[in-house]
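Me: I'm new to reading protein structures. Could you walk me through this one, feature by feature?

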Amino acid sequence: MSRPWKVLIGALVALAILLAVNAIVLDQQTKSAKVTVSGGRILDLPGGAVQVVEQGPTIARVARHRNAAGPPIVLLHCFGCSLHWWDRMVPLLDKRHRVIRIDLLGFGGSEKPKSGYSISDQGRLVALALGKLGVQGAVVVGHSMGFDVATALTAQSRELVDRLVAIDEAPDPGFGGLPFLAKLGFTPVIGQAIWRVVPDVVIKDGYERAFAPGHDLGDFSSQVVDDFHAMTYTSYDRAAADTDDYERQEPLDARARSALVPLLVIFGTEDQLWDDPKAAAQAYEDVPGAMIKTIPGAGHSPNVEKPVKTAGLILKFTARSGTGGRS
């Protein structure tokens, strides 16, 4: 064998070893919880430590003035996101409502352990957090993956949930999903290599699918980069796979039917993640009494793109809380 071939083979072997070592290192990486938002705090819970932040009327004020304060609103973010994806909506919700935002395990300021990312595990962790905060009868709003967690929470701890709101989450993976490059990131070894070297500009481009075509992220572009880097490869990989598994076991519309709570479904008409966002929204029509609303011009994240319109729909739906009706 000639020397050039020996050098090439040696280089390929070395590269393969480096890729394998990188994959092992990233799969073992963990991160501790830390506060990333003003007023945030860390709750150490069985299963992991999560960051929460509360705004609006305090528990004491709600107890004294029940007629003046509405039910608590719990906000659960999307995959690859954080509680900051609600920043623009909170000032529109917290005048009469106690608003609780939670970073799901593996995202934002919450802990990134080696395991515990199943939707059922996430639901239990949210239930523990709400229990520690003294929350019951909440309107639980889930953006994308956050709605999966909301359905698990409702199934496990019905007393915590009075109403459900789904924002741009199709009932199952058959409606579309992440773009090719994002899917490539889940490929063993190759995914870990991409994770190690992906530049910020590519991260921003990847997140553009979470918004309407041509939407200007402005200052929020730095937030999506921060949220990407906050994850570990394990939380990124396992959370996506476990979400798909959860939906394949039972689609979200069926889970919402079983929940027996009023449901509001909000979809942006320009959602780029689903092949047909209108069909994805209408898939929830089999849930008795479900209210389905669309927001023209919004993409997958109307809570960021159209916060006033999104908050208005949620507040109108929330105003009916406790009436026992579905609409």
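This is a predicted model: local features need pLDDT of at least 70, side-chain atom pairs count only at pLDDT 80 or more; totals for chains, interfaces and linings use all residues.

Me: How many helices and strands does the chain have?

Reply: The secondary structure comes to 14 helices and 8 strands.

Me: And what share of the residues is buried?

Reply: Of the 327 residues in the chain, 51% are buried. Helix α9 is mostly covered, with 8 of its 11 residues buried. Among them are Phe220, Val224, Val225 and Phe228, along with Ser221, Gln223 and Asp227.

Me: Is Asp244 buried, partly exposed or exposed?

Reply: Its relative accessible area is 30%, so Asp244 is partly exposed. You can find Asp244 in helix α10, which covers residues 233-249. Look across to Ser118 too: Asp244 and Ser118 are 126 residues apart along the chain, and their C-alpha atoms are separated by 9.9 Å.

Me: How do I read a pair of aromatic rings?

Reply: You describe a pair of aromatic rings by the distance of the centres and the angle of the planes. In this structure, a search of the whole model finds 9 aromatic pairs.

Me: Where in the chain are Trp85 and Phe211?

Reply: In distant parts, 126 residues apart. Trp85 is in the loop between β3 (73-76) and α3 (90-93), while Phe211 is in the loop between α8 (200-207) and α9 (220-230). Trp85 counts as buried because its relative accessibility is 1%, and Phe211 is buried too, with a relative accessible area of 1%.

Me: What kind of pair do Phe228 and Tyr236 make?

Reply: Their ring centres are 6.3 Å apart and their planes are at 65 degrees, so Phe228 and Tyr236 are edge-to-face. Phe228 is buried at 11% relative accessible area, and Tyr236 is buried at 9%.

Me: Last one: how do I read two packed helices?

Reply: Two packed helices are described by the angle between their axes and the distance between the axes. Here, helix α5 (residues 145-156) packs with helix α11 (residues 252-259) at an angle of about 35 degrees, and their axes are 10 Å apart. The crossing of α5 and α11 is left-handed.

Me: Which residues meet there?

Reply: From α5 you get Phe147, Asp148, Thr151 and Thr154, and these meet Leu252, Arg255 and Ala259 in α11. Sorted by type, the residues of this contact are 3 nonpolar, 2 polar and 2 charged. To see how a helix face works, remember that an α-helix has 3.6 residues a turn, so residues three or four places apart point the same way.

Note on methods: Residues are numbered from 1 along each chain as its sequence is written. Side-chain values use heavy atoms; hydrogens and water are left out. Helices (H or I, at least four residues) and strands (E, at least two) are DSSP runs, numbered from the N terminus. Buried means under 20% relative accessible area, exposed over 50%, partly exposed in between (1.4 Å probe, protein chains only). Axes are lines fitted to C-alpha atoms, for helices over the stretch in contact, and angles run from 0 to 180 degrees between N-to-C directions. A crossing is left-handed if the near helix is turned anticlockwise from the far one by less than a right angle, and right-handed if clockwise. Contact means heavy atoms within 4.5 Å. Ala, Val, Leu, Ile, Met, Phe, Trp, Tyr, Cys and Pro count as nonpolar, Asp, Glu, Lys and Arg as charged, and the others, Gly among them, as polar. Rings of Phe, Tyr and Trp (its six-membered ring) pair if their centres lie within 6.5 Å; planes under 30 degrees apart count as stacked, over 60 as edge-to-face and the rest as tilted.
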